[in-house]
Amino acid sequence: MYLSTVKSGIKVFKWLRATLHSCLPDSLCYLCQQPAAAQVCRTCEHDCLYFNYPVVPANLLQWPPIKKGLTRGYYSSVYACGYYQWPLNQLVKQFKTGHPQLAQTLAEWFVRYAWSSEAPLPGCILPVPTSAWRFARRRYHQTLLLANAIGQKLSVPVYTDWASRGSLQRKQQLLGRQARLNNLTQAYTLSETSLPSRVAILDDVVTTGATAATLSKMLKAANPDIQIDLWAIAITPSKPDSAALVPGSIRKLRMKLPN
Ligand SMILES: [Zn+2]
């Protein structure tokens, strides 16, 4: 009885907190809650840690600590803003739990801190598909929103129906590495959409790279000559390396990026 009262109290508190936050105007920074002209204020953006270019190559697949931690796939490059840690993880979590408007800020950060203008642009962006169950729960497809926002900034089209995702046959946590990959392969279905010769798979966060490995393998099997890039907002490090990161203010200075 006591436990159920506490549980319903927590539910009400979470609902109130989410409702209050969704009512906040964008003039309050999502991270420090101070008045700001953007969704995230300049101070928070500049304090956030991004990959330390050029110490870390823009193509993160050329950086052994990242490469070692990822499941091998048919993607030839990886671009991301930084490790999946505070405050990037906080922003991504908020984006995925009721704040789809953050796609704009995350897309801006991707273009500003992850993308290299020297890299070849893909012919299209392929957002990682979501399952019907997740879509019904979240009520938006977060990687599609991100893809649209990034695509608009880089003038790259987004292919929405290139693949679909069913439910996983078995829980991933209970399976070994190879069984996990087989399980993922069964979850995705490629459509017959014809694709350009270079594509970018986009995910919000890359953890083991198993999803990208699976999808890239399927793409390669259907289109043997295709070049595949992997784009993400953040990467979960297998072994975090503090030398790999630098505050946004310094990185921006080095890159001489526009405001
Ligand atoms: Zn702030």
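**View 1. Leu-146 in helix α7.** Leu-146 is found in helix α7; helices are DSSP runs of H or I with at least four residues, strands are runs of E with at least two, and both are numbered from the N terminus. The model is predicted, so local features need pLDDT of at least 70 and side-chain atom pairs count only at pLDDT 80 or more, while totals for chains, interfaces and linings use all residues. Residues are numbered from 1 along each chain as its sequence is written, and side-chain values use heavy atoms, with hydrogens and water left out. Leu-146 is buried, with a relative accessible area of 0%. Buried means under 20% relative accessible area, exposed means over 50%, and partly exposed is in between, with a 1.4 Å probe and protein chains only. Leaving aside residues up to four places away in sequence, Leu-146 touches Phe-95, Ala-103, Leu-106, Ala-107, Leu-202, Asp-204 and Ile-233; a contact means heavy atoms within 4.5 Å. One of these residues, Leu-106, is 40 residues from Leu-146 in sequence and 7.4 Å from it in space, C-alpha to C-alpha.

**View 2. Helix α7 and its surroundings.** Helix α7 covers residues 142–154, which is 13 residues, and reaches 18 Å from its first C-alpha to its last, close to the 18 Å expected at 1.5 Å a residue. The expected span is 1.5 Å times one less than the number of residues. The buried residues of α7 are Gln-142, Thr-143, Leu-146, Ala-147, Ala-149, Ile-150, Gly-151 and Leu-154. An α-helix has 3.6 residues a turn, so residues three or four places apart point the same way. The buried residues of α7 pack against the helices α4 (88–96), α5 (103–114) and α6 (132–138), and against the strands β4 (124–127), β7 (198–206) and β8 (227–235). In α4, the buried residues are Leu-88, Asn-89, Leu-91, Val-92, Gln-94 and Phe-95. Just after α4, Gly-98 takes a positive phi of about 100°.

View 3. Most residues other than glycine have a negative phi, and most peptide bonds are trans. Ser-155 lies in the loop between α7 and β5 (163–165) and is exposed, with a relative accessible area of 64%. Gln-33 also has a positive phi, near 65°. Gln-33 is found in the loop between α1 (2–23) and α2 (42–47) and is partly exposed, at 34% relative accessible area.

**View 4. The zinc site.** The protein donors of the zinc ion are the SG atoms of Cys-29, Cys-32, Cys-41 and Cys-44, lying 2.3 to 2.4 Å from the ion. Donors are N, O and S atoms within 2.8 Å of the metal (3.2 Å for Na, K and Ca); water is not among the atoms, so sites may look incomplete. The 4 donor atoms subtend angles of 103 to 115° around the zinc ion, which makes the arrangement tetrahedral; four donors count as tetrahedral if all angles lie between 85 and 135 degrees. Along the chain, the donors follow the spacing C-x2-C-x8-C-x2-C. Cys-41 is buried, with a relative accessible area of 11%, and Cys-44 counts as buried at 14%.

**View 5. The aromatic pair of Phe-51 and Tyr-83.** The structure holds 8 aromatic pairs. Phe-51 and Tyr-83 form an edge-to-face pair, with 5.1 Å centre to centre and 80° between the planes. Phe-51 lies in strand β1 (residues 49–51) and Tyr-83 in strand β3 (residues 82–83), so the pair ties together parts that are 32 residues apart in sequence. Rings of Phe, Tyr and Trp (its six-membered ring) pair if their centres lie within 6.5 Å; planes under 30 degrees apart count as stacked, over 60 as edge-to-face and the rest as tilted. Phe-51 is buried at 3% relative accessible area, and Tyr-83 is buried at 2%. Elsewhere, Tyr-79, Phe-110, Trp-115 and Trp-231 form one aromatic cluster.

**View 6. Two cis peptide bonds.** The peptide bond from Tyr-53 to Pro-54 is cis, with omega near 10°. Pro-54 is found in the loop between β1 and α3 (64–69). A cis peptide bond also joins Trp-86 and Pro-87, with omega about 0°. Pro-87 is in the loop between β3 and α4.

Technical notes. Tetrahedral: all angles 85-135°; square planar, octahedral: opposite > 155°, others 65-115°.
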